[in-house]
Amino acid sequence: MFTRILTIILPVLVIVLAGWLYARHARPDMRATNKLNMDVCVPLLVFTALASRDFQLAAQWKLIPAAALVVLLSGLLAWPLARLCHISPRTLLPPVMFNNCGNMGLPLALLAFGPQGFSAFVVLFVISNLLHFTLGAYIFSSRTSLRGLGRNPIVQATALGMLFGLAGWHLPDWLMGGLKMLSEITIPLMLFALGVRMLDVSFKGWHIGLLGAVLCPLTGLAAAAITTPLLQLDQSQAALLVLFGALPPAVLNFLMAELYQQEPERMASIVLIGNLLSLLFVPLGLAFAL
């Protein structure tokens, strides 16, 4: 079991380390690359996974409420602790609720559960991101406008992929093959960008960083344990949800904290320490899942 977990995690860490080492040497500006990834490659990844011939979206419908419940329950569990520790909920709740299911979760799901498990995990990724862009943005700032959500490429790709998946429509193999080739850029590019981003964050405010970093996987695993019997998930769905719950805070939380000026230094500490502690919590989650 230990060897299998290592073979799942080490390829992910190698790419993150490569990004970090390259950033130390070259200090690359990843903004254009990240925008290309988010505007083109990630939407194609979502669409091709949901519209794949081998993936039955209707059979995995329970993962939609499952992802939503894990996100919401994590926030509810963290709320009293934020009040108790005199930390703004706008700072603590987003990194606890919204985890790194893209940069880290997708490659781990592919390595741990194969293509079928990966496609199912995309459902969890999609729901988490939709909630992040809506509920998460509202938590950061109550003045957030959601009118432009329909123009988000990931939202559009999700709607189109679900339509194809539920209707049983399929693109020609030559077209689907080209789209999949583009979508396969997503995961290594996400991991490399994560390594680059880690060079810029610091341990300033490490006490709050450690609290948020530990709360994210602990509340996620607790929420997964509550959700699994509640929705009567099968064994494979339960395993995916455990992996989902064990993931560290999403790097996107740091970018959104900068955008809304919601204590970005504290958020950076939570994200950095959380991703470092994933070396402990992700193997724990995989041990439960496998």
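Analyst: Histidine 86 counts as exposed because its relative accessibility is 74%, and the cut-off for that word is over 50%. Please keep in mind throughout that this is a predicted model. Histidine 86 sits in the loop between helix 3 (63-84) and helix 4 (89-97).

User: Where is arginine 27 found, and is it buried or exposed?

Analyst: Arginine 27 belongs to the loop between helix 1 (2-26) and helix 2 (31-50), and with a relative accessibility of 58% it counts as exposed.

User: Let us turn to charged side chains. How many salt bridges does a search of the whole structure find?

Analyst: To call a pair a salt bridge, one looks for a side-chain nitrogen of Lys or Arg within 4 Å of a carboxyl oxygen of Asp or Glu. A search of the whole structure turns up three. In one of them, the side chains of aspartate 29 and arginine 31 meet with an N to O distance of 2.7 Å, and arginine 31 counts as exposed because its relative accessibility is 64%.

User: Which residue forms a salt bridge with aspartate 39, and how far apart are the two in the helix?

Analyst: The partner of aspartate 39 is lysine 35, with 2.8 Å between the closest N and O atoms. Both residues lie in helix 2 and are four residues apart, which is about one turn of the helix. Lysine 35 is exposed, with a relative accessible area of 54%, whereas aspartate 39, at 31%, counts as partly exposed. Arginine 266 and glutamate 263 also form a salt bridge, their closest N and O atoms being 3.2 Å apart; arginine 266 is partly exposed at 28% relative accessibility, and glutamate 263 is likewise partly exposed at 28%.

User: Is threonine 186 buried or exposed, and what does it contact beyond its neighbours in sequence?

Analyst: A residue under 20% relative accessible area is called buried, and threonine 186 counts as buried because its value is 0%. Threonine 186 is part of helix 8 (residues 186-198), and a polar atom of its side chain lies 2.8 Å from the backbone oxygen of serine 183. Leaving aside the neighbours within four places in sequence, threonine 186 is in contact with Asn37, Cys41, Val42 and Leu45.

User: Finally, how many cavities of 30 Å³ or more are there, and which residues line the largest cavity?

Analyst: Reading a cavity begins with its volume and then moves to its lining. The structure holds three cavities of 30 Å³ or more, and the largest has a volume of about 60 Å³. Its lining consists of Ile9, Val12, Leu13, Met104, Leu108, Ser278, Leu279, Val282 and Pro283. Two or more of the lining residues come from each of helix 1, helix 5 (101-140) and helix 12 (264-289), with helix 12 giving the most, at four residues.

Note on methods: Residues numbered from 1 in each chain as written. Predicted model: local features only at pLDDT ≥ 70, side-chain atom pairs only at ≥ 80, totals over all residues. Heavy atoms only, no water. Buried < 20%, exposed > 50% of the residue type's maximum accessible area, 1.4 Å probe, protein only. Polar contact = N/O pair within 3.5 Å; in protein donor to acceptor, adjacent residues only side chain to side chain. Contact = heavy atoms within 4.5 Å. 1 Å grid on protein atoms, 1.4 Å probe; cavity = no way out; pocket = protein on both sides within 12 Å on 5 of 7 lines; lining within 4 Å. Points joined across faces, edges and corners; volume = space filled by probe spheres on them.
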